[in-house]
Amino acid sequence: MAVHPPRWIHNALPSVGRDAESTAAGIYGVIVSAAVMAASHATRVVVVAVAVLVTLIVYWSAERYARLVAERIHDGRRPSWHQVRQELTHGWAIVTASTLPLVVLLVATAAGAGLYGAVLAALTCSTILLCLAGWEIGRDGRLTTRERLVSAAVAGLFGLSMVLLKALLH
């Protein structure tokens with residue numbers, strides 16, 4: 001019997017089951033947002049949340065710009081407006097994948113957690129999302145159960161490293 005997360009969790013996963021670029025961007029977005037939260041020395045939760053969003057938008061913009069420049073270099077011609085529009089409407093998973101960890105950050109704060117506790121809750125959420133994404137990617141990649149466990153563990157190590165980073169910095 002196959003084990004699948006509930007639909008709402010599956011929808012929150014970093015773009016699992018969509019195209020390869022969205023899946024990669026989503027996983028990268030969760031890792032980057034966790035890194036920003038872990039390394040932040042902000043004193044207010046709203047500053048942490050804004051830092052995460054601004055960082056992810058900068059990363060998205062830089063990646064889209066790099067793709068357009070690379071196309072120009074390799075094709076030897078200016079990208080068409082269609083290509084520019086296409087680049088600017090893709091890759092948003094890097095930003096949107098951080099939605100659930102940011103919600104956890106804000107809800108934990110609203111529930112009375114201090115900034116450190118709220119960030120740890122959001123990092124825990126990120127770690128769980130990464131583990132679930134590794135598990136689901138294994139399913140889509142037709143991996144055995146053992147291979148899926150390894151995939152989930154490797155993905156989760158990124159999140160755990162952010163939890164450790166936060167603990168070491170504070």
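The following legends describe close-up views of a predicted model.

The model is predicted, so local features are given for residues with pLDDT of at least 70 and side-chain atom pairs only at pLDDT 80 or more, while totals for chains, interfaces and linings use all residues. Residues are numbered from 1 along each chain as its sequence is written, and side-chain values use heavy atoms, with hydrogens and water left out.

**Figure 1. Overview of the helical chain.** The chain holds eight helices and zero strands (DSSP runs numbered from the N terminus: H or I of at least four residues for helices, E of at least two for strands). From the N terminus on, the order of elements is α-α-α-α-α-α-α-α. Of the 170 residues in the chain, 38% are buried (under 20% relative accessible area, with exposed over 50% and partly exposed in between; 1.4 Å probe, protein chains only). Among contacts (heavy atoms within 4.5 Å) with a separation of 6 or more, 68% join residues 24 or more positions apart.

**Figure 2. Packing of helix α2 against helix α3.** The axes of α2 (residues 20-39) and α3 (residues 45-75) come within 9 Å and cross at roughly 140°; axes are lines fitted to C-alpha atoms, for helices over the stretch in contact, and angles run from 0 to 180 degrees between N-to-C directions. The two helices α2 and α3 are therefore oblique to each other (angles under 35 degrees count as roughly parallel, over 145 as roughly antiparallel, 65 to 115 as roughly perpendicular and the rest as oblique). By class, the contact of α2 with α3 comprises nine nonpolar, three polar and four charged residues (Ala, Val, Leu, Ile, Met, Phe, Trp, Tyr, Cys and Pro count as nonpolar, Asp, Glu, Lys and Arg as charged, and the others, Gly among them, as polar).

Figure 3. Ser33 lies in α2 and is buried, with a relative accessible area of 0%. A polar atom of the Ser33 side chain is 3.0 Å from the backbone oxygen of Val30. Apart from neighbours within four places in sequence, Ser33 is in contact with Val52, Leu56 and Ser98.

**Figure 4. Packing of helix α3 against helix α4.** With axes 10 Å apart, α3 and α4 (residues 81-88) pack at an angle of about 155°, and α3 and α4 are therefore roughly antiparallel to each other. The crossing of α3 past α4 is right-handed. Trp60, Arg64, Arg67, Leu68 and Glu71 of α3 make the contact with Gln83, Val84, Glu87 and Leu88 of α4. Its residues are four nonpolar, one polar and four charged.

Figure 5. Glu87 lies in α4 and is buried, with a relative accessible area of 11%. Its side chain makes a polar contact with that of Arg64 at 2.8 Å (a pair of N or O atoms within 3.5 Å; within protein, one must be able to donate a hydrogen and the other to accept it, and residues adjacent in sequence count only if both atoms are side-chain atoms). Leaving aside neighbours within four places in sequence, Glu87 is in contact with Trp60, Arg64, Arg67, Leu68 and Glu71.

Notes: A crossing is left-handed if the near helix is turned anticlockwise from the far one by less than a right angle, and right-handed if clockwise.
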